[in-house]
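I opened my notebook to look up how two chains are built and how they meet. Here is what I looked at.

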2 protein chains.
Amino acid sequence: MRIIRTLPELKVALKALRESHKSIGFVPTMGFLHEGHASLIKQSTARCDATVVSVFVNPTQFGPTEDLSRYPRDLERDQNLCLRLGVAILFMPEAAEVYPTGFCTSISVGPIADVLCGEFRPGHFRGVATVVAKLFNMVQPDLAFFGQKDLQQTAIIRRVVKDLNLPVDILVAPTVREADGLALSSRNSYLSATDRARALGVSRGLFAAEKAFAGGLRDADQLTALARKEMAGADEIQYCRVVDPFTLDTLGGEINRHVALCAAVVIGGTRLIDNILLTPNGENVQFISHLDV
Amino acid sequence: MRIIRTLPELKVALKALRESHKSIGFVPTMGFLHEGHASLIKQSTARCDATVVSVFVNPTQFGPTEDLSRYPRDLERDQNLCLRLGVAILFMPEAAEVYPTGFCTSISVGPIADVLCGEFRPGHFRGVATVVAKLFNMVQPDLAFFGQKDLQQTAIIRRVVKDLNLPVDILVAPTVREADGLALSSRNSYLSATDRARALGVSRGLFAAEKAFAGGLRDADQLTALARKEMAGADEIQYCRVVDPFTLDTLGGEINRHVALCAAVVIGGTRLIDNILLTPNGENVQFISHLDV
């Protein structure tokens with residue numbers, strides 16, 4: 001595995017891969033890798049000849065009052081995990097490499113960036129869209145892998161890829177959870193033991209709705225109410241809604257198509273998100289390709 | 001020469017070129033091609049194995065009161081010119097191919113889009129930046145060619161390429177002029193004979209300043225005043241300024257580095273732009289590569 005920190009080095013390494021006609025899979029991350037990231041890396045190594053993982057805590061997607069400076073980091077552990085999983089290139093640029101002096105371009109994605117998390121994190125998805133497009137252009141992968149946990153991020157990245165004609169296919173892999181249901185997140189490391197116990201209400205709520213849905217309940221508002229009841233231990237439920245997983249439009253009434261139930265809560269100062277997909281016909285849509293947009 | 005109207009066709013054609021390791025040059029245009037475009041195409045065919053020309057009158061770069069619907073078109077003449085110049089692919093998509101339903105992403109480039117022409121054409125350069133990035137992603141050229149006449153456009157495209165890490169090099173070729181000095185532009189076709197005579201004041205003003213500069217005059221304000229004097233026959237001088245050709249910052253006082261003198265005027269309802277480069281040390285900077293940013 002090559003550890004690369006600069007763009008010129010990355011360019012040379014990728015050129016060599018491309019000239020030997022290797023397909024390239026890409027997993028962009030903010031580091032502090034967990035089993036959720038590992039599952040994305042495994043999807044990539046299974047499908048592509050060479051896998052590139054980036055570790056970059058992107059400053060432009062954090063708000064002024066958010067957790068940029070205390071975002072968890074463990075580069076040594078990240079390196080070891082990538083090595084073990086057969087990653088070809090671990091790209092860990094400094095901020096100045098990604099945003100040199102004079103940088104002033106940004107990508108906006110319209111209304112889907114302003115709802116859900118966007119309402120509570122203004123500018124966040126502009127930062128995400130811009131850095132992901134930059135990373136795609138740096139790496140030029142054939143496939144890029146994202147986790148379903150970041151549902152809105154996946155919708156926005158699909159939108160950017162489609163709207164800007166970026167030559168990459170996006171694959172979204174299912175959320176990985178702890179045995180007790182908690183969705184893996186680097187931010188879980190912020191939770192005290194009691195906060196972690198309260199955080200379990202989020203997945204419990206989603207599962208309660210999923211179970212009721214499987215039992216035939218189709219009313220979006222009733223499903224949402226069931227989920228919210230389990231989440232009541234949170235300090236704040238920022239949203240808990242049934243949405244179209246691509247447009248992110250909030251849906252009410254009878255559910256008769258593929259939707260997502262998604263939630264964001266704040267517990268002990270930590271913001272957590274989670275979601276599940278609900279499919280009336282029971283088809284497996286956990287793993288969604290770019291072509292479905 | 002292949003004439004292509006859809007993205008799937010374009011993809012197949014480009015794949016074949018790439019697999020035979022052909023370098024690709026790209027000349028994006030809005031059609032109604034003139035000798036300025038021809039010079040870009042010739043630069044491309046001289047430097048690249050295959051040249052792609054796009055003809056697309058991009059609606060998103062026209063303001064609501066601008067000339068989108070009457071913008072001049074002559075597809076047959078454009079085709080003949082491209083054929084004669086050895087273009088490999090002429091890409092002429094419909095608007096719906098470029099902007100399908102649901103499209104909502106845009107690229108903003110910060111302050112350099114708000115000065116000069118940006119002040120008089122709000123949103124124009126967001127449209128330009130977005131469509132050029134899209135076309136670059138569609139074509140994935142090695143080199144792309146632009147005319148120096150559109151100075152601000154070249155500065156913005158360089159900025160987007162650099163900031164979004166687009167894997168393409170930008171070459172800017174000198175402005176082509178009529179024998180009497182008028183810079184070639186598709187919009188010259190709007191000019192009546194008397195308006196055309198008035199329009200000559202623009203290049204005459206720039207040349208007067210160039211001559212004074214060559215004679216040793218270095219004061220930006222005096223040079224600008226000389227140029228403006230010749231342009232006085234225009235209905236409106238929107239701007240006539242000495243600027244940094246990359247940041248577009250307006251410069252006053254003593255000129256001791258490479259600058260551009262640029263102007264926009266309105267004559268008989270037609271908006272015309274032109275510029276010249278002034279280089280204190282006499283070096284040839286007419287043909288500027290991406291690496292100079």
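In which order do the three strands of the open sheet in chain A stand, and is the pairing parallel or antiparallel? I read the order as β8-β9-β10 of chain A, with antiparallel pairing. Strands here are DSSP runs of E with at least two residues, helices are runs of H or I with at least four, and both are numbered from the N terminus. Two strands pair if DSSP finds at least two bridges between them.

Before going on, I noted the ground rules. This is a predicted model, where local features need pLDDT of at least 70, side-chain atom pairs count only at pLDDT 80 or more, and totals for chains, interfaces and linings use all residues. Residues are numbered from 1 along each chain as its sequence is written, while chains are lettered from A and ligands numbered from 1 in the order in which they are written.

Angles run from 0 to 180 degrees between N-to-C directions, and axes are lines fitted to C-alpha atoms, for helices over the stretch in contact.

I then followed one pair. Seven bridges join β8(A) to β9 (residues 259–267) of chain A in the antiparallel sense. A:Glu236 has A:Val266 in β9(A) as its bridge partner.

Two helices lie across this sheet. α8 (residues 193–214) of chain A lies across β9 and β10 of chain A, at about 15° to β10(A). α9 (residues 220–230) of chain A lies across β8 and β9 of chain A, at about 150° to β8(A).

**Entry: the whole chain**

I counted nine helices and 11 strands in chain A. Its C-alpha atoms fill a box of roughly 55 × 40 × 40 Å along the principal axes. Of its 293 residues, 43% are buried. Buried means that 20 or more other C-beta atoms lie within 10 Å of the residue's own, with C-beta atoms placed from the backbone.

**Entry: the two copies**

What rotation superposes chain A on chain B? I found 180°, with 0.0 Å of shift along the axis and an RMSD of 0.0 Å. The two copies are thus related as by a two-fold rotation axis. In chain A, the C-alpha of A:Ile107 is nearest the axis, at 2.3 Å. The superposition is by least squares on the C-alpha atoms of residues with pLDDT of at least 70 in both copies.

A:Ile107 came up again. Its bridge partner in β5(B) is B:Ile107. Three bridges join β5(A) to β5 (residues 106–108) of chain B, and the strands run antiparallel.

**Entry: the contact**

How many residues does each chain give? Chain A gives 21 residues and chain B gives 21 residues. Contact means C-beta atoms, placed from the backbone, within 7 Å. On the side of chain A, β5 (106–108), α6 (124–139) and α7 (151–163) each give two or more residues. α6(A) has the largest share, four residues. 100% of the interface residues of chain A are also interface residues in chain B, so the copies meet through the same surface.

**Entry: one residue**

I picked A:Leu166, in the loop between α7 and β7 (169–173) of chain A. A:Leu166 counts as buried because it has 22 C-beta neighbours inside 10 Å. Beyond its neighbours within four places in sequence, its contacts include A:Phe136 and B:Asn137.

Methods
Buried ≥ 20, exposed ≤ 12 C-beta atoms within 10 Å, placed from the backbone.
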